[in-house]
Amino acid sequence: MIVAENVEKRFGDMPVLKRVNLTVAPGEVVTILGASGSGKSTLIRCINGLEQLSGGRITVDGHDVSTKAGLVAARRASATVFQLFNLYPHMTALGNITLAPIEVLKLPKAEAEARGRALLERVGLSAHADAYPQQLSGGQRQRVGICRALAMQPRYLLLDEVTSALDPEMTGDVLRILAELAADGTTMVFVTHEIEFARHISSRIVFLEQGELIVDLPTADFFAEEGGLAVPRIRQFLSKLKKD
Amino acid sequence: MRYADFTPYDIVLLLQGLGVTLALFVGTTVIGLLLGLLLAVVHHYRVPGCRPVIVVVTEALKNSPVLVQLFLVFFGIPAFLHVRMTPVEAATLTISLNTAAFAFVIFRSGIESIEREQIEAAEVFGLSRARILRLIIAPQAAAFAVGPLIGILVNQLQVTSLISVIGVFDLTKIGNILNLRTLQPFIVWAVIGLIYYTAAKTLAHFGGRIEAALRKSAQWGGI
Ligand SMILES: Nc1ncnc2c1ncn2[C@@H]1O[C@H](COP(=O)(O)OP(=O)(O)O)[C@@H](O)[C@H]1O
Ligand SMILES: [Mg+2]
């Protein structure tokens with residue numbers, strides 16, 4: 001379980017997250033919605049320890065990310081897929097995927113590579129195992145990014161706008177993979193603007209507004225007239241997304 | 001045969017001079033590159049208090065004449081610290097530091113050329129700092145740095161000729177001796193120049209091959 005309690009984050013004296021509470025239980029897909037700049041990425045970066053909290057507490061399976069040992073354990077439990085892929089450009093697709101399993105999980109190389117190849121096959125990239133990131137399209141790179149995360153066999157998958165940098169055709173490829181993962185019961189914290197997709201796969205939707213988590217509802221309730229849609233800010237946000 | 005004539009033994013002299021020059025060059029290159037790398041790593045990890053010192057010292061080394069640095073080390077340090085220093089020690093120290101200053105700048109930009117995002121990715125996947133340095137930063141920084149480093153080293157090879165001034169018997173000093181004896185400056189300095197030229201070209205040639213090999217093994221066209 002990922003538990004965020006009264007999480008505060010300030011950059012300098014600018015508050016970016018304000019007393020955010022969020023719980024993600026195993027098996028859930030929780031989508032974080034919110035306008036650009038509302039703090040979605042910052043929240044993800046607090047969970048994976050790339051930002052230090054200014055206040056409050058985050059635990060992943062009970063491991064406090066603000067302690068050194070806790071962060072190591074929390075990072076073992078989760079894996080992140082990044083908006084801009086963040087692949088290692090000097091390593092092949094397979095090299096990107098096997099690096100952490102070999103170096104961190106201490107898997108034998110052959111086993112890590114077998115696992116990596118199986119994942120590449122699953123996302124339709126078996127032919128590209130030896131390609132460098134520069135030789136791949138954006139959609140292919142992001143699929144490698146997903147494989148890299150899955151190779152760690154994480155209990156939680158953190159996804160920050162993983163399709164925002166892709167054109168629509170490639171977005172479809174990536175979303176199909178995520179839908180499969182969700183159907184398999186993978187726990188995900190999912191930041192996206194793909195509203196229809198989120199509606200389709202999420203168990204819960206939360207809404208961030210200028211650093212405050214103002215709504216946290218089961219998906220059906222979020223899209224109900226008397227639920228999320230009753231909040232003017234959300235109605236406005238959704239109609240603006242439809243227009244774009 | 002007159003005293004002023006060239007003799008076959010002069011070739012031995014030239015080779016000895018070349019040997020001293022090359023030995024000094026190789027020694028100072030090894031020390032300079034290692035020291036420059038260490039400085040770049042210390043700088044990268046923001047070891048408290050080190051950044052400004054490193055930057056000020058390397059800037060001073062890069063922007064003042066090597067000859068002045070050599071005099072400061074050879075005459076200044078013994079006078080100031082009351083220690084003895086041989087010409088070879090002074091030459092080694094000075095050129096090593098000078099090479100380190102240039103290497104530092106190149107390694108530093110090599111490290112800085114690596115996008116933060118990759119390092120963050122490696123962090124969240126649980127890689128330690130040491131592993132990130134070795135597996136993510138070093139290979140990319142090396143591919144970035146090798147070209148500029150070879151340029152610097154070709155230049156440093158020429159710079160070693162300055163050490164003849166404080167009495168190291170390098171190639172240039174041998175040139176001086178031959179010149180005084182034969183009074184044939186045109187021939188002597190043309191030959192000396194040609195030897196430096198050949199050495200520099202050879203260095204550049206092998207440097208270029210290393211660079212090509214590095215780039216080939218790392219086909220990621222982005223750098
Ligand atoms: N490293 C940082 N330093 C200063 N301000 C930052 C930093 N990262 C994010 N911010 C600010 O925090 C706010 C929230 O950013 P972010 O979490 O990226 O929003 P979102 O992902 O919802 O678009 C923005 O105003 C952004 O400018
Ligand atoms: Mg964002």
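How many nonpolar, polar and charged residues are in the lining of the largest pocket? The lining has 12 nonpolar, 6 polar and 12 charged residues. This is a predicted model, where local features need pLDDT of at least 70, side-chain atom pairs count only at pLDDT 80 or more, and totals for chains, interfaces and linings use all residues. Residues are numbered from 1 along each chain as its sequence is written, chains are lettered from A in the order in which they are written, and side-chain values use heavy atoms, without hydrogens and water.

**Largest pocket**
- The volume of the largest pocket is about 880 Å³.
- Of its 30 lining residues, the closest to the centre are Tyr45(B), Ile119(B), Glu123(B), Arg129(B) and Ile132(B).
- Helix 2 (68-77) of chain A supplies at least two lining residues, as do helix 1 (9-44), helix 4 (87-112), helix 5 (116-124) and helix 6 (129-159) of chain B.
- Helix 2 of chain A gives the most, with 5 residues.

**Helix packing in chain A**
- The axes of helix 3 (residues 93-103) and helix 4 (residues 109-122) of chain A come within 9 Å and cross at roughly 135°.
- That makes helix 3 of chain A oblique to helix 4 of chain A.
- Their crossing is right-handed.
- Helix 3 of chain A makes the contact through Leu94(A), Ile97(A), Thr98(A), Pro101(A) and Ile102(A).
- Helix 4 of chain A contributes Lys109(A), Ala112(A), Glu113(A), Gly116(A), Arg117(A) and Leu120(A).
- By class, this contact has 6 nonpolar, 2 polar and 3 charged residues.

**Terms**
- A pocket is an open set of points on a 1 Å grid over the protein atoms alone where a 1.4 Å probe fits, with protein on both sides within 12 Å along at least five of seven lines; lining residues have an atom within 4 Å of a point.
- Contact means heavy atoms within 4.5 Å.
- Helices are DSSP runs (H or I) of at least four residues.

Notes
Grid points are joined across faces, edges and corners, and a volume is the space filled by probe spheres set on the points. Ala, Val, Leu, Ile, Met, Phe, Trp, Tyr, Cys and Pro count as nonpolar, Asp, Glu, Lys and Arg as charged, and the others, Gly among them, as polar. Axes are lines fitted to C-alpha atoms, for helices over the stretch in contact, and angles run from 0 to 180 degrees between N-to-C directions. Angles under 35 degrees count as roughly parallel, over 145 as roughly antiparallel, 65 to 115 as roughly perpendicular and the rest as oblique. A crossing is left-handed if the near helix is turned anticlockwise from the far one by less than a right angle, and right-handed if clockwise.
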